[in-house]
Amino acid sequence: MTLPRLSTFFAPCPRGLEAVLCNELTQLQALQPGPLKGGVRFRGPFDLCYRVNLHSRIASRVLWALSEGSYQNEHDIYEAALNLPWPSWFSVRNRIKVHVSAHHSPLPSLEFVTLRIKDAICDHFRKTIGKRPDVDTQAPDMSIYAYLDEKTFTFYLDTTGEPLFKRGYRKVQGSSPLRENLAAGILNLAGWTPGQVLLDPMCGSGTFLLEAAQMAANIAPGINRSFAFEKILHFDEKTWTALRKENQVAQQPIPSDTLFGFDYHPEAVKSAKTNVNAAGFGDCISIQQADILEIQPPAPEGWLITNPPYGVRSGQDMNLDEWYPLLGDALKRHFPGWRTFFFTADFGLPKRIRLSAARRTPLYNGALECRLFEYPIVHGSHRSHPTPATISP
Ligand SMILES: C[S@@+](CC[C@H](N)C(=O)[O-])C[C@H]1O[C@@H](n2cnc3c(N)ncnc32)[C@H](O)[C@@H]1O
């Protein structure tokens with residue numbers, strides 16, 4: 001089939017990262033990127049989705065928009081799906097799954113809509129080639145997404161498959177690991193760039209450091225995986241192979257002594273080391289066991305970015321109201337010259353830590369509302385009594 005010169009795509013991402021995803025997509029040559037709630041719409045030639053799937057650190061997947069229109073009931077949606085040329089996009093041998101999400105749709109059952117779209121796709125195949133594809137809700141080859149708002153629907157074909165945040169480098173999960181694309185987005189929001197010193201003093205399984213190392217080494221996050229677009233009928237293998245080769249050539253060594261992780265818990269240290277070694281970064285990321293209150297900075301200035309646990313394990317029997325002021329004090333004592341960032345769902349942290357936040361960025365970890373708090377630690381801010389951290393010398 002002949003493709004239009006430009007296609008439209010939608011890349012979902014963790015909420016709060018839409019603006020940084022927009023910037024990333026612009027760098028990846030996306031046209032007219034426009035942030036929406038929970039993702040970014042953009043345009044480009046079809047093979048732009050190869051580049052975005054290969055390189056995006058922030059998107060969760062890339063959906064190719066097939067058609068949109070208005071509806072009043074389930075039948076309108078069935079008819080619209082029935083009339084799309086599905087066999088020109090994927091083979092009847094591919095197993096399919098339909099996902100429907102909606103915002104303010106008047107339809108009473110999204111399950112029924114899902115069923116009707118699946119029926120329409122199967123009916124279209126049966127009518128045109130005499131056979132229908134099977135459904136597989138566990139491991140489909142092709143996922144069809146439909147998004148409904150109050151009056152309009154959009155159909156998408158997923159070009160990604162397994163979500164993009166499943167990088168495959170994490171061998172051990174640890175407790176409450178961050179999603180890789182959320183960690184990459186936070187590094188981006190914080191303004192950390194490769195070559196600058198990054199310290200995660202509560203590193204758990206090491207997600208921030210592993211994402212930072214991939215960025216520094218210029219390793220495309222999708223370089224070692226397969227994608228759903230490889231099964232789309234007009235897949236252009238030559239272009240895809242060239243893109244992968246381009247990245248393999250562009251990979252580079254990581255600047256030494258820039259990436260540091262600590263954790264209080266021996267199991268977390270073990271899991272971070274396992275992950276770092278398995279990802280091939282054993283020589284460039286240092287992981288050690290320490291309590292955050294005791295850590296000395298590895299450089300005169302840098303980025304401290306971390307995701308503390310809800311209930312802080314400090315090694316002593318202390319509640320959060322006692323512990324956080326000690327942390328605020330330790331930061332002022334040990335980290336003047338550093339920019340520090342705490343990603344947390346604990347909105348009581350700012351009050352307890354007794355530092356004044358320069359920035360509070362709302363973000364979502366799945367459905368959980370969180371904040372990224374920034375505390376720049378200025379030289380001379382340490383006093384014997386807790387004071388805001390932003391006092392100049
Ligand atoms: C929410 S987890 C971090 C998860 C991490 N971002 C990841 O993606 O895997 C918080 C970590 O803080 C560590 N921790 C708790 N108290 C600590 C302390 N006083 N000093 C250093 N690490 C601590 C825990 O052992 C845990 O691994």
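Reader: Which residues lie nearest the centre of the second largest pocket?

Author: Glad you asked; keep in mind that this is a predicted model. The second largest pocket has a lining of 35 residues. Those that lie nearest its centre are S175, S176, N307, P308 and P309.

Reader: Which element gives the most to the lining of the second largest pocket?

Author: Start with the elements that each supply at least two residues of this lining: α6 (207-216), α8 (266-278), β12 (339-344) and β14 (368-376). The one that gives the most, with 3 residues, is α8.

Reader: How many residues in the lining of the second largest pocket are charged?

Author: This pocket holds about 690 Å³ of space. By class, its lining has 17 nonpolar and 13 polar residues, and the number of charged ones is 5.

Reader: What is the volume of the largest pocket, and which residues are closest to its centre?

Author: Its volume is about 1,000 Å³. There are 34 residues that line the largest pocket, and the closest to its centre are F10, P12, K37, G38 and S101.

Reader: How many nonpolar residues are in the lining of the largest pocket?

Author: Happy to sort them by class. The lining of the largest pocket has 7 charged and 10 polar residues, and its nonpolar residues number 17.

Conventions. Residues numbered from 1 in each chain as written. Predicted model: local features only at pLDDT ≥ 70, side-chain atom pairs only at ≥ 80, totals over all residues. Heavy atoms only, no water. 1 Å grid on protein atoms, 1.4 Å probe; cavity = no way out; pocket = protein on both sides within 12 Å on 5 of 7 lines; lining within 4 Å. Points joined across faces, edges and corners; volume = space filled by probe spheres on them. Nonpolar A, V, L, I, M, F, W, Y, C, P; charged D, E, K, R; others polar. Helix = DSSP H or I, 4+ residues; strand = E, 2+ residues; numbered from the N terminus.
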